[in-house]
Amino acid sequence: IDQSLVKKDMSKLNEKIEEAIIHACEQSGCNFMPTVKYFKGLDDERIKWSISMMKHIYGNQFELGLELVQILWCKPKQMLPITVLASVERQTGKTTFSNWMNDIFGDNHVSLGLEDMKNDFNHFFAEKLLITIEETQDESHKLVNKIKRISTTEKLLVNPKGVKQYVVDFYGKIFIMTNSPDSFLKVDSEEIRFWVNNIPTL
């Protein structure tokens with residue numbers, strides 16, 4: 001995260017942001033005045049819960065976690081690693097984090113099961129920014145190769161059921177939630193496309 005922005009007086013930048021948002025609304029034909037909320041910094045009381053959760057999820061890599069969310073929001077086309085949130089114990093906050101991301105990204109987020117990723121039909125995630133795969137544990141090379149291929153592709157062949165295939169620009173970022181940190185997927189030890197975070201108990 002750009003720490004210089006946290007330290008500076010944001011008032012001038014806030015004015016520019018508000019002008020840009022109002023102008024965008026005018027251009028799109030929206031006939032309402034948007035309300036823009038700002039935060040003084042990471043210690044703002046209104047984001048206390050979110051910061052606490054991020055610190056729990058990412059631990060000593062907290063700033064990298066913040067940077068990840070910042071890139072997702074500000075630079076959605078930028079390629080990112082496959083993020084794995086892993087814990088042997090249940091109720092460690094993985095699903096809460098997924099729900100929090102869903103609140104932020106709305107229809108740009110989809111939560112899938114393992115069988116959904118094995119399915120040949122991929123239209124339900126083809127145009128999503130954020131793809132969360134829940135409770136992953138699979139030892140086949142086929143699935144891990146599919147996930148790796150999807151995470152690095154720029155074009156995706158969409159295969160809807162009963163409809164002709166078509167190609168879209170693909171910017172999807174994959175998050176894997178698992179209770180099997182040592183065996184969630186059959187990944188080679190030299191693999192660098194996975195960022196594994198072991199989540200402590202609450």
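**Exercise 1.** Determine which residue forms a salt bridge with Asp169, and where the two partners lie.

*Solution.* Asp169 forms a salt bridge with Lys155, with the closest N and O atoms 2.4 Å apart; a salt bridge is a side-chain nitrogen of Lys or Arg within 4 Å of a carboxyl oxygen of Asp or Glu. This pair links distant parts of the chain: Asp169 belongs to strand S5 (residues 166–169) and Lys155 to strand S4 (residues 155–158), 14 residues apart. Strands (E, at least two residues) and helices (H or I, at least four) are DSSP runs, numbered from the N terminus.

Next, consider accessibility. Buried means under 20% relative accessible area, exposed over 50%, and partly exposed in between (1.4 Å probe, protein chains only). Asp169 counts as partly exposed because its relative accessibility is 40%, and Lys155 counts as exposed because its value is 51%.

The model is predicted: local features need pLDDT of at least 70, side-chain atom pairs count only at pLDDT 80 or more, and totals for chains, interfaces and linings use all residues. Residues are numbered from 1 along each chain as its sequence is written, and side-chain values use heavy atoms, leaving out hydrogens and water.

**Exercise 2.** State how many salt bridges the structure holds, and describe the one between Lys118 and Glu115.

*Solution.* The structure holds three salt bridges. In one of them, the side chains of Lys118 and Glu115 meet at 3.7 Å, N to O. Both residues lie in helix H6 (residues 114–118), three residues apart, or about one turn of the helix. Lys118, at 38% relative accessibility, is therefore partly exposed, whereas Glu115, at 55%, is exposed.

**Exercise 3.** Characterise the packing of helix H3 against helix H5.

*Solution.* Begin with the geometry. H3 (residues 48–58) and H5 (residues 94–105) pack at an angle of about 130 degrees, their axes being 11 Å apart. Axes are lines fitted to C-alpha atoms, for helices over the stretch in contact, and angles run from 0 to 180 degrees between N-to-C directions. H3 is therefore oblique to H5, since angles under 35 degrees count as roughly parallel, over 145 as roughly antiparallel, 65 to 115 as roughly perpendicular and the rest as oblique.

Then identify the residues in contact (heavy atoms within 4.5 Å). Trp49, Ser50, Met53, Met54, Ile57 and Tyr58 of H3 meet Thr96, Phe97 and Trp100 of H5.
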